[in-house]
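Work through the exercises below with the structure open. Each task is followed by a solution in steps.

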Amino acid sequence: MPQRLRKALLAIGMTCALFAAPCTRAADADAVTLAIENAAVDDVSIALTDAIAEEGITAPSESHFGDMLARTAPELGHRADLYAEARIYTFCSAVVAAKLATESAHNIAHCPLSIAVYSLPADKGSVYLGYRRSVDSAGGRAADALLARIAARTAAQFQHAVSPATR
C-alpha cells in the first residue's frame, strides 16, 4: 500500500476515533449512554431518524463508523470487531446552532450534534445510544436538552427496559 494512502487512512481513523471516543467511554463525564435491551441496530436507527424528524430537523447524515474501523483494521493494526455494528448520526438544529454561535463564535466546534447507535460483539442483546454533552452555557444546555429529548423519544419506541449504560 502506498505510504500516502496509509497516512491518509491513519489520519481518517484517528480523526474518527477522536470524535467517537466521548460517545463510547462510560467513564467520561461528558458522555451520555443509554442501553436499549433486545433491539436491533437497524430498528433503533430508524427510531432515531424519526425522533430527529419529529423535532423538525432535516434528516441526519449517517456515518458507518463500525464498517470503517473493520475495513481499516489490517492497515491500522486494531481489532476489526471493536463493534458488532456502529453508526454515527449527525444533524443540526438552527435554533441551537444560533444560540451557541451567539454565545461564542468558537462554539462552532460543538456543531453539528451527533448521536451514535451501536452494538458490541460481546453484548449483542443491547443497542446503545450515545452522545456528548455540550458546553456549560444556555446554548449548550439547549443542545443537551435536544439530544436528551431525541434519545428519550428513540428509546420510548421500544417497550424494553432502557437504562443508563454501565461498563
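## Exercise 1: Two helices against α5

α2 crosses α5 in a right-handed sense. The model is a predicted one.

**Task.** Classify the packing of α2 on α5 by its angle, and list the residues in the contact.

**Solution.** 
- Step 1. Helix α2 spans residues 41-54, and its axis lies 8 Å from that of α5. The angle is about 135°.
- Step 2. Roughly antiparallel needs an angle over 145 degrees, and roughly perpendicular needs 65 to 115. The pair α2 and α5 is therefore oblique.
- Step 3. From α2 come V44, A47, L48, A51, I52 and E54. They meet I150, R153 and T154 of α5.
- Step 4. Sorted by class, this contact of α2 with α5 holds six nonpolar residues, one polar and two charged.

**Solution.** 
- Step 1. Helix α4 covers residues 94-103 and helix α5 covers 138-156. Their axes are 8 Å apart, at an angle of about 155°.
- Step 2. That angle makes α4 roughly antiparallel to α5. The crossing of α4 over α5 is left-handed.
- Step 3. α4 contributes V96, K99, L100 and E103. α5 contributes A138, G139, G140, A142, A143 and L146.
- Step 4. The contact of α4 with α5 counts six nonpolar, two polar and two charged residues.

## Exercise 2: Trace the strand pairing

**Task.** Starting at β2, follow the strand pairs: how many bridges join β2 to β3, and how many join β3 to β4?

**Solution.** 
- Step 1. Strand β2 (residues 61-63) runs antiparallel to β3, with three bridges between them. Here E62 has Y89 of β3 as its bridge partner.
- Step 2. β3 also pairs with strand β4 (residues 113-120), in the antiparallel sense, over seven bridges. Y89 has I115 of β4 as its bridge partner.
- Step 3. Check the burial of β3. Five of the seven residues in β3 (85-91) are buried, so the strand is mostly covered by the cut-off of under 20% relative accessible area.

**Task.** Continue from β4: how do β4 and β5 pair, and what joins them?

**Solution.** 
- Step 1. Four bridges link β4 and β5 in the antiparallel sense. Y118 stands opposite Y128 of β5.

## Exercise 3: Buried or exposed?

**Task.** Decide whether S119 is buried or exposed, and name its contacts away from its sequence neighbours.

**Solution.** 
- Step 1. S119 belongs to strand β4.
- Step 2. Its relative accessibility is 6%, so S119 counts as buried.
- Step 3. Leaving aside neighbours within four places in sequence, S119 touches V41, Y83, A84, E85 and S126.

**Task.** Is A29 buried or exposed? How far is A29 from R133 in space?

**Solution.** 
- Step 1. A29 sits in the loop between α1 (3-24) and β1 (31-37).
- Step 2. A relative accessibility of 61% makes A29 exposed.
- Step 3. A29 and R133 are separated by 104 residues in sequence, but their C-alpha atoms are 8.5 Å apart.

## Exercise 4: Backbone exceptions

**Solution.** 
- Step 1. Most residues other than glycine have a negative phi, and most peptide bonds are trans.
- Step 2. N38 has a positive phi of about 55° and is not a glycine. N38 lies in the loop between β1 and α2. At 58% relative accessible area, N38 is exposed.
- Step 3. The peptide bond between C111 and P112 is cis, with omega about -5°. P112 is part of the loop between α4 and β4.

## Exercise 5: The whole chain

**Task.** How many helices and strands are there, and in what order do they run?

**Solution.** 
- Step 1. Count five helices and six strands.
- Step 2. From the N terminus, the order is α-β-α-β-α-β-α-β-β-α-β.
- Step 3. Of the 167 residues, 41% are buried.
- Step 4. Take contacts between residues at least 6 apart in sequence. Of these, 75% join residues at least 24 apart.

Terms used
Residues numbered from 1 in each chain as written. Predicted model: local features only at pLDDT ≥ 70, side-chain atom pairs only at ≥ 80, totals over all residues. Heavy atoms only, no water. Buried < 20%, exposed > 50% of the residue type's maximum accessible area, 1.4 Å probe, protein only. Pairing = 2+ DSSP bridges. Axes fitted to C-alpha atoms, helices over the stretch in contact; angles between N-to-C directions. Parallel < 35°, antiparallel > 145°, perpendicular 65-115°, else oblique. Left-handed = near helix turned anticlockwise from the far one by under 90°. Contact = heavy atoms within 4.5 Å. Nonpolar A, V, L, I, M, F, W, Y, C, P; charged D, E, K, R; others polar.
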